[in-house]
Amino acid sequence: MIDGPFFVLVVVGILGTGLMAGVFCAFSALVMRGLAALPPAQGVAAMNAINVAAVRPVFMTVFTGSAVLSAMIAVVTFVVWPADGKIELLLGSALYLFGAFLLTIAANVPRNERLARLTPGAPEAAVYWSAYVREWTFWNHVRTAAAAAAALVYLLALA
């Protein structure tokens with residue numbers, strides 16, 4: 001059974017990964033659909049503004065903090081090697097670290113950087129916009145599922 005400080009670490013990991021799953025889900029279900037409905041120049045400008053606003057302490061603390069917690073949970077699992085839940089703890093850590101955190105760096109951030117280099121009203125921005133929305137949203141669905149699955153398997157580790 002997981003107890004003491006390790007229990008608290010896992011509970012905070014559940015909260016962090018679950019919160020990130022919710023943020024990612026809201027983007028896929030609401031924000032990206034709304035932006036896609038705008039004319040390309042407005043969608044590009046709005047998404048660029050959102051990407052600037054995202055790199056602020058509140059979001060970055062939850063996003064990177066959940067990665068740090070996932071790494072800590074993995075390390076503590078290897079050190080403590082609990083009788084129950086070790087597979088779930090390691091799987092939850094891998095899901096968030098690879099499926100949400102590193103995927104963001106590898107798939108979503110490069111698209112954001114390319115979008116930021118474009119002038120919102122320029123023809124190349126309009127051409128890129130539809131591909132951006134489709135690709136960015138696809139990878140966002142993946143990281144939504146990964147973060148939600150991480151929270152779920154962390155929770156199962158405590159059951």
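# Exercises on a Predicted Helical Model

The side chains of Asn 112 and Asn 51 are joined by a polar contact of 3.3 Å.

## Exercise 1. The surroundings of Asn 112

Determine where Asn 112 is placed, whether Asn 112 is buried or exposed, and which residues surround Asn 112.

Solution. 

Step 1. Asn 112 is located in helix H4, which spans residues 86-116.

Step 2. The relative accessible area of Asn 112 is 14%. Since buried means under 20%, Asn 112 is classed as buried.

Step 3. Besides the contact with Asn 51 at 3.3 Å, the side chain of Asn 112 makes a polar contact of 2.5 Å with the side chain of Tyr 132.

Step 4. With neighbours within four places in sequence set aside, the contacts of Asn 112 are Met 47, Asn 48, Asn 51, Tyr 132 and Trp 136.

## Exercise 2. The overall fold

State how many helices and strands the chain has, and describe the chain as a whole.

Solution. 

Step 1. There are five helices and zero strands, and the pattern along the sequence reads α-α-α-α-α.

Step 2. Taken along the principal axes, the C-alpha atoms fill a box of roughly 60 × 25 × 20 Å.

Step 3. Of the 159 residues in the chain, 40% are buried.

Step 4. Among contacts with a separation of 6 or more, 81% are between residues 24 or more positions apart.

## Exercise 3. Two aromatic pairs

The structure holds nine aromatic pairs. Classify the pair of Phe 27 and Trp 136, then the pair of Phe 78 and Trp 81, as stacked or tilted.

Solution. 

Step 1. For Phe 27 and Trp 136, the centres are 5.7 Å apart and the planes are at 50°. Planes under 30 degrees apart count as stacked and those over 60 as edge-to-face, and this pair is tilted.

Step 2. Phe 27 belongs to helix H1 (residues 4-36) and Trp 136 to helix H5 (residues 123-158), so the pair ties together parts that are 109 residues apart in sequence.

Step 3. Both partners are buried: Phe 27 has 18% relative accessibility, and Trp 136 has 3%.

Step 4. Phe 78 and Trp 81 lie 5.9 Å centre to centre with 20° between the planes, and this pair is stacked. Phe 78 is exposed, at 55% relative accessible area, whereas Trp 81 is partly exposed, at 44%.

Step 5. Trp 81 is placed in the loop between helix H3 (57-80) and H4. Most residues other than glycine have a negative phi. Trp 81, although not a glycine, has a positive phi of about 45°.

## Exercise 4. The aromatic cluster and the nonpolar core

Identify which residues form one aromatic cluster with Phe 27, and which residues have the most contacts inside the largest nonpolar core.

Solution. 

Step 1. The cluster consists of Phe 27, Tyr 128, Trp 129, Tyr 132 and Trp 136. The charged end of Arg 114 sits over the ring of Tyr 128, at 3.9 Å from its centre.

Step 2. The largest nonpolar core has 13 residues, and those with the most contacts inside it are Met 32, Met 47, Leu 115, Trp 129, Tyr 132 and Trp 136.

Step 3. H1, helix H2 (40-54) and H5 each give two or more residues to this core. The largest share, six residues, comes from H5.

Step 4. Residues up to four places away in sequence not being counted, Met 32 touches Phe 27, Met 47, Tyr 132, Val 133, Trp 136 and Thr 137.

Note on methods
Residues are numbered from 1 along each chain as its sequence is written. This is a predicted model: local features need pLDDT of at least 70, side-chain atom pairs count only at pLDDT 80 or more; totals for chains, interfaces and linings use all residues. Side-chain values use heavy atoms; hydrogens and water are left out. Helices (H or I, at least four residues) and strands (E, at least two) are DSSP runs, numbered from the N terminus. Buried means under 20% relative accessible area, exposed over 50%, partly exposed in between (1.4 Å probe, protein chains only). A polar contact is a pair of N or O atoms within 3.5 Å; within protein, one must be able to donate a hydrogen and the other to accept it, and residues adjacent in sequence count only if both atoms are side-chain atoms. Contact means heavy atoms within 4.5 Å. Rings of Phe, Tyr and Trp (its six-membered ring) pair if their centres lie within 6.5 Å; planes under 30 degrees apart count as stacked, over 60 as edge-to-face and the rest as tilted. A charge sits over a ring if NZ of Lys or CZ of Arg is within 6 Å of the ring centre and within 35 degrees of the ring normal. A nonpolar core is a set of buried Ala, Val, Leu, Ile, Met, Phe, Trp, Tyr and Cys residues joined through side-chain atoms within 4.5 Å.
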